[in-house]
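Hello,

Here is the structure we discussed, with notes on what turned up in it. Please look it over before reading on.

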Amino acid sequence: GTEEEEGELAAAAAAAGEIDGEAGGGADAAAPEGQVPPVGSAGKRVEEVEATAAILKAEAEEEGPQELQDPKLAASTGEQAEQAERAEPPQTSDGEGASPFSPVSPAAPEASPQEEQAAPLRTPAEQPPGTDAAPAAIGVEENPTETPPKTPKRSAVAPMLDASSVLVIIAHDRRTYLYRCLGAVAKHFPSGSTLRVVVSVDGDFPHMKEEFEVFTQQRSDVSAEYVTHDMTAAERGQNGYFALSAHFRKVLRRVFSDPRTQRVILLEEDLEIASDFFDWFAATAPLLDADPQLMAVSAWNDNGMESFVKDEAAAYRSDFFPGLGWMMPRRIWQELGASWPDAYWDDWLREPAQRRDRHFLRPEVCRTFHYGKRGTSNSQYGNFLDSIRLAESHQKWREMDLDYLSTKARWDAHYLSKVRAAPQVQDKHAALASPEPEVKIAYGDGDFAAMAKTFGVMDNSKAGVPRTAYQGVVSFWKNGKKIHLVPEGLSL
């Protein structure tokens with residue numbers, strides 16, 4: 001944002017004009033001061049030069065990566081937005097399509113009437129008796145099988161998850177849900193991985209233990225443990241959110257008491273995982289370990305509905321904690337474990353005192369799908385959750401070059417430069433009518449919810465941060481076009 005930085009950008013633009021002079025006569029370099037060059041061939045080159053310059057500048061800093069601080073792009077995460085009400089129940093974890101056990105599995109449990117109302121599977125598959133496969137969610141605007149752009153490969157393949165990581169499945173008394181969750185884990189658990197599995201159940205339910213035993217028969221190569229917890233009346237508190245928070249505290253304390261444990265992946269039993277779920281966490285574990293500005297990694301995108309996502313190989317940094325299948329490092333538990341809340345643990349993690357401006361990694365297309373209709377939240381966001389798209393292609397995340405996610409400076413150079421270069425339009429109609437592949441729309445204080453509703457994306461905020469936002473920017477696809485909702489502090 002300094003005069004020096006503006007001069008560097010002008011020089012970069014001029015250089016791009018020389019490179020593309022034969023095609024556009026350097027028109028982009030001659031754009032008036034303070035305006036974004038048009039998105040054309042030369043404009044694209046300017047964007048690339050800006051991104052490269054920002055990365056090189058960040059790497060040259062002795063004190064570590066520095067964020068882009070153009071006042072015109074000053075972060076505005078809506079600090080005056082309403083604080084999340086404690087009385088508003090947070091959503092619970094998620095999962096996706098059913099994966100049957102092998103023929104050695106015993107007969108599946110009979111579903112209760114409430115469980116029969118679970119969200120439909122995305123593809124027909126064998127179900128526990130008492131549940132039926134249903135067609136995929138409606139409202140698809142993008143082709144799920146569309147081939148994404150090629151992703152650069154990393155110089156060295158990230159290692160598989162090993163015994164330094166634990167997959168914890170949080171469960172209560174929902175047998176068919178656990179059957180479905182464990183079925184997907186059994187199917188997609190990577191051969192040769194020494195990742196440990198803990199099924200943690202709130203209460204003593206023999207039928208839940210039976211489902212765990214089915215899993216151990218299916219995957220005898222996996223180190224798996226079944227634990228139960230008895231809650232006191234005080235721990236159960238006023239509602240299910242108290243018992244759930246106590247359950248998380250008990251099992252996290254247990255697994256992190258093992259000195260081998262460096263990170264924990266948390267699922268709840270109403271979440272189905274995608275085929276590359278474990279690959280995603282294996283690829284991002286080194287990033288989480290290395291960057292203190294990262295707080296967790298999630299498999300979930302709150303705006304992951306069919307009509308708002310496209311690229312199954314894309315990933316983001318975000319200021320918003322998504323949950324719904326997420327990985328916590330030991331350092332965060334050591335920092336926050338002693339003050340773990342009695343209830344509403346996920347909203348608590350989103351509060352500034354805990355988040356401390358740290359970020360989260362998430363994929364564009366969800367690696368979990370939520371099928372639970374019976375639970376603590378009573379499917380509070382059911383209209384959104386039922387249309388979530390679970391990734392269908394198996395991405396080789398461990399082979400991908402994820403360097404653009406590795407630090408704040410690199411992400412800013414990768415992401416904010418695209419937001420800056422996108423033409424600004426007035427509203428939804430103008431955005432969808434624009435011939436440009438990527439546009440932005442500015443919103444003022446208190447206007448985010450109304451703007452989000454016009455597109456149909458999640459319109460609420462927690463602790464002043466819109467769901468999925470990074471520096472207040474919420475990005476999604478609509479009718480094949482990339483849309484950025486940008487706070488006025490970031491508009492040009």
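**Core, sheet and helices**

The largest nonpolar core has 89 residues, and of these Leu 167 and Leu 485 touch the most other members. Helix α8 (residues 277-290) gives the most to this core, contributing nine residues. Leaving aside residues up to four places away in sequence, Leu 167 touches Val 185, Leu 195, Arg 196, Val 197, Val 198, Ile 265, Leu 267, Phe 277 and Phe 278. Another core, of 26 residues, lies apart from the largest one; Val 198, Phe 248, Trp 340 and Trp 348 are among its members. Bear in mind throughout that this is a predicted model.

Strand β4 deserves a paragraph of its own. Six bridges join β4 to β1, and the two run parallel; Ile 170 has Glu 268 of β4 as its bridge partner. With β8 (residues 326-329), β4 (residues 263-268) pairs in the antiparallel sense over four bridges. Here Ile 265 is partnered by Met 327 of β8, and Val 264 stands opposite Met 328. Arg 263, Ile 265 and Leu 267 point one way from β4, while Val 264, Leu 266 and Glu 268 point the other way. Six of the six residues of β4 are buried, so the strand is largely enclosed by the rest of the structure.

The 13 residues of α5 reach 19 Å from first C-alpha to last, close to the 18 Å expected at 1.5 Å a residue. Which residues of α5 are buried? They are Met 208, Glu 211, Phe 212, Val 214 and Phe 215. Seen down the axis of α5, these fall within an arc of 150 degrees, so they line one face of the helix. Their cover includes β1, α4 (175-188), β2 and β3.

Regards

Technical notes:
Residues numbered from 1 in each chain as written. Predicted model: local features only at pLDDT ≥ 70, side-chain atom pairs only at ≥ 80, totals over all residues. Heavy atoms only, no water. Pairing = 2+ DSSP bridges. Expected span 1.5 Å × (residues − 1). Buried < 20%, exposed > 50% of the residue type's maximum accessible area, 1.4 Å probe, protein only. Arc of directions from axis to C-beta. Contact = heavy atoms within 4.5 Å. Core = buried A, V, L, I, M, F, W, Y, C linked by side-chain atoms within 4.5 Å.
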